[in-house]
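Hi,

Here is the structure I promised to pass on. Have a look at it first, and then read my notes below.

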Amino acid sequence: MNITWYIVLSSLLFATGVLGILLRRSPMVILLCLELMLNAGNLALVAFSRMVGNEQGQVFAVIVMVIAACEVVVGLGLIVAIFRRRLPLNVDDLRELRG
Amino acid sequence: MSVSFWAWLVLLFPLLGSIGIALGYRALPRKAAGMIGTAAIGLAFACGVAALISLLGEDPEARHHASSLWDYASVAGLDIKLGIYLDQLSLFMVLVVTGVSTLIHLYSYGYMQSDEGYHRFFSYLNFFVFSMLLLVLAGNFVLLIVGWAFVGFASYALISFWYRRETATRAGMKAFVINVVGDIGLVLAAFLIFRELGSFDYGTVFAKAPEVFSTNQWSVTAICLLLLVGAFAKSAQLPLHTWLPDAMEGPTPVSSLIHAATMVTAGVYLIARTHILFVLAPTAADIAAFVGLATLLVAATIALVMTDLKRAIAYSTMSQIGYMVVGVSIGAYSAGMFHLMTHAFFKALLFMAAGSIIAAMANEQNIDKMSGFGKAMRFTSITMLCGGLALAAFPLTSGFFSKDEILAYAGARGGMYIVFTVLGYFGAFLTAIYTFRLIFRVLPGKPCPEAQELIDTGHVHHAHPFNPATGEEEDTDVGFPGAEHHIAEQSAPMRVAMAVLAFLALVGGLIQVPGVDDVIANWLDPVFADSPLTAIHPSVEWSWIGLGIGAVISLAGIWAAHWLYIANPERPRALEARLQGVHDFLFRKWYFDEAIDFLVVRPALAIGRFANRVFERLVVDGLVTGTEETVRGTSGVIRAVQNGFVRSYALLLIAGFAGLALYFLLSSS
């Protein structure tokens, strides 16, 4: 099977994630889109690993998953904190740190 | 106990006293502060005596000790230790300084009793003595400069002691600025010494100087002239003397301390200490001697017309320091130091008596308003008379022997140095006149209202809170002398101090009488043995002829003062009217203040104004404002990016990465 299809799928997933981050305002969805981007990267890594024929790419993919898990923990924690303080769950309204 | 141990203790006690009183001012009652201050200096004097006793047990040639506690500064090629150097000269100074200072502390204990700043006063006073002792005992030029600058600061603090008086703060600043001019001279001299000789240490410098320098080589002359700038500023010699009369704004014990025991004698000590350099630079030594002579005469003439009691005595101090500077510059080292000692006795005493009278006058210092204190204050007037006799070199008093010894030496050296003898005697004549002018105008006659009040009621006239010099209202909370005043007649500590000094002023000269005994000269000679000038000795016959001339001149001066101020009190006024121009010239102090104002202060102010208007406004402001505007503009752009929208940050991030990726893709293909 040609590697091209894997790369195309990965790119499409990545672009979906980017668009989601840029266009959606809900922090929950942004977090999901981030995951999507990370997994797009994972897919590319695994595909390249199969193409080259060793396991290094797969190891990287596992590390990325760990990082993704950490990031989700922090992100969800933030969202819960925002929710508890009864702040709007809308990233455009949370802009106190502007210069 | 070694000699150095005692010397360190001499330094330690005043320092402890100063710090202790300063830290404990809330806890210590007034009396305790005064006692601690006095005891600290008294202990320092006792340690000085102990050092003297252990030095006496040694061979006269070996009576010098260097000792150091730790490294003060140790960098490449430079090794300065926190070290002291004790020999006959520095011990002599230590004894004079601590001895007279102890009595002055005792006097202040009574005199300052009702002052608001009693603790502060004693803390400063102890610090002053500590600084002076550090200056005297320093074992290298760096420590000398440290002590030198400390003395300058302490004098500033004490002159502006009543710091709510504008005149006092101004006088303090003036003293400080002029002293800093001297400090600069001294520092530059130390730099030159290090450059030429590679050391700051007294021992090394004085041992190497004769090998390195040839006579009158420019470098050694420059060193000596720079040292002289320092010495002249501290010792109030022309033209750096204008701070000294203004320093009379301080409390009277301060005048006594500055003008008798410490500070002004520092310059004389410096010249004596570095006499080897001055032997190698005879030109500089001659310049010093002539400046001393000029100061002696100028100050004596000004003292003739001053109407401010303390200022007149201050000018007399300048004049007497002139004698000492002449002495140590022309080679009469031990005579100069001898005069320094006797002067410390009688001048401290005169100031104390003046302080007592000023207290009775409720801080008024104008002698035109004083008269008849002879009846009102018997003890004060007797001691003042003792001091006056010694200052006027009345036969057999202390000033009589010490002053004439300098003049006899100048005569024995011969050549142009005869000038010093002749003009020195003329100065002595003026000295006798101005001294007894003060005494005749203050003591006899019809009592003035304040003196009458003292006779009638036994109460001292009490001041209203106004500065008598300017009429300015005084702040009674801080820096106020207090409404109550203390005079010697009613205060035992003051009486003790004055009685001891009066005794010393009268008989202190007997320790060195030509042909009879030579205590001071024998003691100091080993220090000055390396100077060829010590070989010159006036013969005993000539010395006694000189003393005879001195006696005649002194009596003539006293008679002249009597003729002027007692026999016919209208005469001085008539004389003033006839010699209006001369009187004005002298009364304005030879226009020195005006000349310095014109030559130094105004140009400096003009340069400052120019710098402010042109340089500051255009260059400095331009640079500063320009930088500020640039930073503000750039940060405005960056601020616009930080808009707080997470999504726009993400867009920027992604666009950036995309741009980078594109760049690498394009550049790799």
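The largest nonpolar core holds 215 residues, and Leu133(B), Leu137(B), Ala348(B), Leu349(B), Ile357(B), Leu501(B) and Ala505(B) touch the most other members. By nonpolar core I mean a set of buried Ala, Val, Leu, Ile, Met, Phe, Trp, Tyr and Cys residues joined through C-beta atoms within 7 Å. Buried stands for 20 or more other C-beta atoms within 10 Å of a residue's own (exposed is 12 or fewer, partly exposed is in between), with C-beta atoms placed from the backbone. Helix H15 of chain B, residues 333–360, gives this core its largest share, 20 residues. Apart from it there is another core of five residues, including Ala44(A), Leu45(A), Ala47(A) and Ala61(A).

Before you go further: this is a predicted model, where local features need pLDDT of at least 70, side-chain atom pairs count only at pLDDT 80 or more, and totals for chains, interfaces and linings use all residues. Residues are numbered from 1 along each chain as its sequence is written, while chains are lettered from A and ligands numbered from 1 in the order in which they are written.

Back to Leu133(B): leaving aside neighbours within four places in sequence, its contacts are Val10(B), Leu11(B), Pro14(B), Ala44(B), Val94(B) and Val97(B). A contact here is two residues with C-beta atoms, placed from the backbone, within 7 Å.

As for chain B as a whole, 52% of its 669 residues count as buried. Its secondary structure comes to 27 helices and four strands, taken as DSSP runs numbered from the N terminus (helices H or I, at least four residues; strands E, at least two). The C-alpha atoms fill a box of roughly 115 × 65 × 55 Å along the principal axes.

Do look at H3 of chain B, residues 88–111: its 24 residues reach 34 Å from first C-alpha to last, close to the 34 Å expected at 1.5 Å a residue (that is, 1.5 Å times one less than the number of residues). Since 23 of the 24 residues of H3(B) are buried, this helix is largely enclosed by the rest of the structure.

Gly172(B) sits in helix H6, residues 166–197 of chain B. It counts as buried because it has 24 C-beta neighbours inside 10 Å. Not counting residues up to four places away in sequence, Gly172(B) touches Tyr156(B), Ile159(B) and Ser160(B).

Finally, the interface: 10 residues of chain A are in contact with 10 residues of chain B.

Cheers
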